[in-house]
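Dear colleague,

Please find the structure below, followed by my notes on what was found in it.

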Amino acid sequence: MAKTIAVLTSGGDAPGMNAAVRAVTRAALSRGIKVIGVRRGYNGLLNGDVFEMNLRSVSDILHKGGTVLYTARSPEFNTPEGVQKAADNCRKLGVDGVVVIGGDGSFRGARDLTGAGIPCIGVPGTIDNDISSSDYTIGFDTAMNTAMEMIDRIRDTAQSHDRCSVVEVMGRRCGDIALEVGIAIGATSILVPEVPYDLERDVIDRLQTNLKTGKKHFIVVVAEGIGGIDNIVREIEAQTGLETRGTVLGHVQRGGSPTLRDRVIASRMGYRAVELLEEGKSNRVVVMKDNHIVDYDITEALNMKKTFNTKLYQIAHEISI
Ligand code: F6P
């Protein structure tokens, strides 16, 4: 059983990471386990940027966006020497378990650190929902709600001007934000990296069909992974005659107070991570499967393939014409 654990957040921040840090800290302390907070991801383990946490270290953070532990992507840690140095520093600190809150890249680091003798547990935190082993990642719900609210505002102005608005939401490899937000705001077309698209068939023709039935303003939602919206904006304007504007929502989706769903799931996952370390487990990732919190071997989890919800995609298209 772990006697001293460290907790860090790594990769892109996500709303709800603080709730996970809080749960890890409180669950550990209440079991008599010492907790070390690590700043700026794996960099903190390399540089000794750490501090001992107490019950009050995580007061008043549950509702805050970002991560109080700060975050970073660490090129130095991505080398065998970096992993060894981090493991040696853990041993110097007496750390015999690490909870890593982040995405797949962070889990690869957790797997390597476990391999160097420091048991690690991963907790999925990223707004993209792009972790193949988990149905849900901390921050996804907040990001979607933020994007939805922003697009509702864009709709007001698109409607007033009889325009088409093309909105890019985050998601480099994963179209989950685009898909769900697209349904929620009634997008005429949704473009995601998982589904090859044809601009004529999937955007222009759909807009033309809608124009013929009297619709005058439109929203097209595009996932970041499609690769830029300028061309799409130009083509829509040229081929339909609709005045068209493009908006990239960007990092606004990463900030803000986490939703109830993110706070609760983050709390449950953080708590489970400590239970696993207490049970002497290592190289595990805590995930959501069919609404249950379960855990998988990190190496197996990293090899899993994410499936895109094609049924939901089809529904979105059918009901927005
Ligand atoms: O992985 C989360 C995410 O927000 C992606 O959606 C986006 O592509 C990327 O991070 C942006 O990274 P950065 O904050 O480093 O620009």
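In this predicted model, the protein is divided into domain 1 (4-139 + 258-303) and domain 2 (141-254), with bounds that come from an automatic or database domain assignment. The C-alpha centres of domain 1 and domain 2 lie 34 Å apart, and the contact between them, meaning heavy atoms within 4.5 Å, takes 14 residues from domain 1 and 13 residues from domain 2.

As for polar contacts, which are pairs of N or O atoms within 3.5 Å, a side-chain N or O atom of Arg-73 is 2.6 Å from an oxygen atom of the ligand; for Asp-128, a polar side-chain atom lies 2.7 Å from a ligand oxygen, and for Arg-172 the distance from a side-chain N or O atom to an oxygen of the ligand is 3.2 Å. The protein covers 78% of the 400 Å² of accessible area that the ligand has on its own, as computed by the Shrake-Rupley method with a 1.4 Å probe.

Two notes on reading these values: residues are numbered from 1 along each chain as its sequence is written, and side-chain values use heavy atoms, with hydrogens and water left out. Because the model is predicted, local features need pLDDT of at least 70 and side-chain atom pairs count only at pLDDT 80 or more, whereas totals for chains, interfaces and linings use all residues.

Methods: Polar contact = N/O pair within 3.5 Å; in protein donor to acceptor, adjacent residues only side chain to side chain.
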